[in-house]
Amino acid sequence: MYERTEFWTEGASLWLPPQGSTTAHEIDALFNFILWTSTVLTIGVAVGIVYLAWRYRRRSPADRPVPVKESKALELSWSIIPTLLVLVVFFWGFRAYVGTSIPPVDAYVVNVKGQKWFWTFEYPTGLNTDELVVPEGQPVKLVMTSQDVLHSFYVPEFRIKMDVLPNRYTYVWFNAPARGVYQIVCTEYCGTGHSNMGGHIRVVGRDEFYEFLRTGGGDAGADLPPAEYGEQLYTSKRCNTCHTVDGTSATGPSWLGIWGQPRPGSTSGVVDDNYIRESVLDPAAFIAPGFQPQMPSYEGQLDDRAIGAIAAYIRQINGAATPADLAPPGGAAPADTLGTADAPEGGAGDPSEPVGLDEAQQNE
Ligand code: CUA
């Protein structure tokens, strides 16, 4: 099964990535035609320049050049050949454009929202996820919009790329015939976290897809203790693009060393669950001194349980987690889990550590 989750580091190559959609071969064929035609023409022109410069070099101080005479055949050839080439590229490109722009009528529609700096997907059933899961061999139409600035939705293996704009819908479609995991990349500079604005498309079998829809994507954190679920959200909701957990400042303040401290950006109160909750839902409510009001609202993105989990995680990395936070819901905490209550593992929440459905599936 094909799998690429870190586009810029895994299997990097000079050549095009594998063709993951039914329309990819058409794009590649045209691209390769233009590439090799240009290569041949460039080499031909360069060799011609060198040869002619040598052939007609000045041979003596009193060189008398022969006047250049018209050559019908030569002039026709340099008019007709490029015209034909350009026409071939036009019709070929137009065909490929129509084929990749107009989705089949039976396409499955998923809404896509881009925002600083992650993607969310909304299914016709109302399900919201941060990973796009689609059935294999099924045309999928994406209806995309942005909550803030310009983004661009790019899936290298599918050879699809489309701008995502605020206050407007744009569309793109694909049909992925093979199961696997493919990476989404944002290709429109959209701020500090742009280069980390990725995401995954998981192409699964039909049964697995229906199961995914039925169980709400297995709710990645349903059977996790709050602090662990919060750690997962820290990565999956891209909190890590702005907030560190090691005390260093990034676009936003670090999550380490804040719990129980006076509220940044406020004259009263300390950082507690309510402070976290309000900061998540209405980031402009408190702006920590020295930082810009850059954070988007997570209203509608995180439910109460998720917000509580994030607060629990922040509490945990600050060494203030209670045994209840670490207990799986509805069950007594295992002894080894309790042991970590006072001494959270170092480096909890390594931002580079992929946390996702794979882990959740193993837990099922
Ligand atoms: Cu979003 Cu770059």
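**A guided tour**

At 48% relative accessibility, L76 counts as partly exposed, where buried means under 20% relative accessible area, exposed over 50%, and partly exposed in between (1.4 Å probe, protein chains only). Residues are numbered from 1 along each chain as its sequence is written, and side-chain values use heavy atoms, with hydrogens and water left out. This is a predicted model, in which local features need pLDDT of at least 70 and side-chain atom pairs count only at pLDDT 80 or more, while totals for chains, interfaces and linings use all residues.

Select residues 72-101, which form helix α2 and include L76. Helices (H or I, at least four residues) and strands (E, at least two) are DSSP runs, numbered from the N terminus. Next, highlight L76, I80, L84, L87, F90, F91, F94 and Y97, which make a nonpolar surface patch of about 860 Å². Patches are made of residues with over 30% relative accessible area and no salt bridge; like charges are joined within 9 Å, and nonpolar side chains (Val, Leu, Ile, Met, Phe, Trp, Tyr) within 5 Å. Accessible areas come from the Shrake-Rupley method with a 1.4 Å probe; for residues, only the protein chains shown count as cover.

**Salt bridges**

How many salt bridges does a search of the whole structure find? The search finds nine, a salt bridge being a side-chain nitrogen of Lys or Arg within 4 Å of a carboxyl oxygen of Asp or Glu. Select E26 and R95, whose closest N and O atoms are 3.9 Å apart in a salt bridge. This pair links distant parts of the chain, with E26 in helix α1 (residues 24-55) and R95 in helix α2, 69 residues apart. E26 counts as buried at 17% relative accessibility, whereas R95 is exposed at 61%.

Move to K72 and E70, a salt bridge with the closest N and O atoms 3.0 Å apart; both residues are exposed. Then select E211 and R214, whose side chains meet in a salt bridge (2.9 Å, N to O). Both lie in helix α3 (residues 206-214), three residues apart, about one turn of the helix. E211 is partly exposed at 38% relative accessibility, and R214 is exposed at 62%. A network of salt bridges links E131, R202 and E208.

**The five-stranded sheet**

Display the open sheet of five strands, ordered β4-β3-β2-β6-β9 with mixed pairing. Two strands pair if DSSP finds at least two bridges between them.

Select β6 (residues 139-146), which is joined to β9 by six bridges in the antiparallel sense. Within this pairing, K141 has W173 as its bridge partner, and M144 stands opposite T170. With β2 (residues 108-115), β6 pairs in the parallel sense over seven bridges; there, V140 is the bridge partner of Y108. Why is β6 largely enclosed by the rest of the structure? Seven of its eight residues are buried, so the strand is largely enclosed.

**The second largest pocket**

Finally, select H243, P253, W255, S279 and M295, which lie nearest the centre of the second largest pocket among its 33 lining residues. The elements giving two or more residues to this lining are α5 (273-281) and α6 (304-317); α5 gives the most, with four residues.

Conventions
1 Å grid on protein atoms, 1.4 Å probe; cavity = no way out; pocket = protein on both sides within 12 Å on 5 of 7 lines; lining within 4 Å.
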